[in-house]
Amino acid sequence: MFGGIGFIVDGNMAVGVYQEYLIVRVGAEQYATALKKKGARPFDITGKPMTGWVMVSQEGCGTKQSLEKWISTAMEFVATLPPK
């Protein structure tokens, strides 16, 4: 999809890695809140940002605790989606 590694839960992508960024699926409702967090920016690798997804730099996910929080956020959102 984007030339990186993706992790899928019940057929839905939850998190991934693109270059030096963690890609996190947060959903539309949490998108604005997620963008306010340290190291987060819109997921935009084509000039067309994907709402509901953020790119997180190492600054925002460089500790075990911060990485686990981002993954937890993605897992909570993906759990609301129907399996594919």
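**Fold and side-chain contacts of the predicted model**

For 84 residues, a compact globule would have a radius of gyration near 12 Å; the protein chain has 12 Å, which agrees. The model is a predicted one. Along the principal axes, the C-alpha trace spans about 35 × 30 × 25 Å. Of the 84 residues in the protein chain, 38% are buried.

The secondary structure consists of three helices and five strands. Along the sequence, these elements follow the order β-β-β-α-β-β-α-α.

Aromatic contacts were examined next. A pair of aromatic rings is described by the distance of the centres and the angle of the planes. Here the count is one aromatic pair. The ring centres of F43 and W53 are 6.1 Å apart and the planes meet at 45°, so the pair is tilted. That angle falls between the limits for the other two classes, since stacked planes are under 30 degrees apart and edge-to-face planes over 60. The pair links distant parts of the chain. F43 belongs to the loop between β4 (40-42) and β5 (53-56), while W53 sits in strand β5, ten residues apart from F43. Both residues of the pair, F43 and W53, are buried.

A second aromatic residue type of contact involves a lysine. K37 lies over the face of W70. The distance from K37 to the ring centre of W70 is 5.4 Å.

Charged side chains were considered as well. Side chains of opposite charge can pair when their charged atoms come close. The structure holds one salt bridge. This bridge joins the side chains of K64 and E68, with an N to O distance of 3.9 Å. K64 and E68 are four residues apart in helix α3 (residues 64-78), so about one helical turn separates them. The two partners fall into separate accessibility classes. K64 has 64% relative accessibility and therefore counts as exposed, since the class begins over 50%. E68 has a relative accessible area of 45% and is therefore partly exposed.

The surface also carries a nonpolar patch, formed by I5, F7 and V17. Together, I5, F7 and V17 have about 270 Å² of accessible area. F7 is placed in strand β1 (residues 5-9). With 47% relative accessibility, F7 counts as partly exposed. The aromatic residues F43 and W53, by contrast, are both buried.

Conventions:
Residues numbered from 1 in each chain as written. Predicted model: local features only at pLDDT ≥ 70, side-chain atom pairs only at ≥ 80, totals over all residues. Heavy atoms only, no water. Phe/Tyr/Trp six-rings, centres within 6.5 Å; stacked < 30°, edge-to-face > 60°. Helix = DSSP H or I, 4+ residues; strand = E, 2+ residues; numbered from the N terminus. Buried < 20%, exposed > 50% of the residue type's maximum accessible area, 1.4 Å probe, protein only. Lys NZ or Arg CZ within 6 Å of the ring centre and 35° of its normal. Patch = residues over 30% accessible without salt bridge, like charges linked within 9 Å, V, L, I, M, F, W, Y side chains within 5 Å. Areas by Shrake-Rupley, 256 points an atom, 1.4 Å probe, with all protein chains shown as cover. Salt bridge = Lys/Arg side-chain N within 4 Å of Asp/Glu carboxyl O. Rg over C-alpha atoms; globule rule 2.2 N^0.38 Å.
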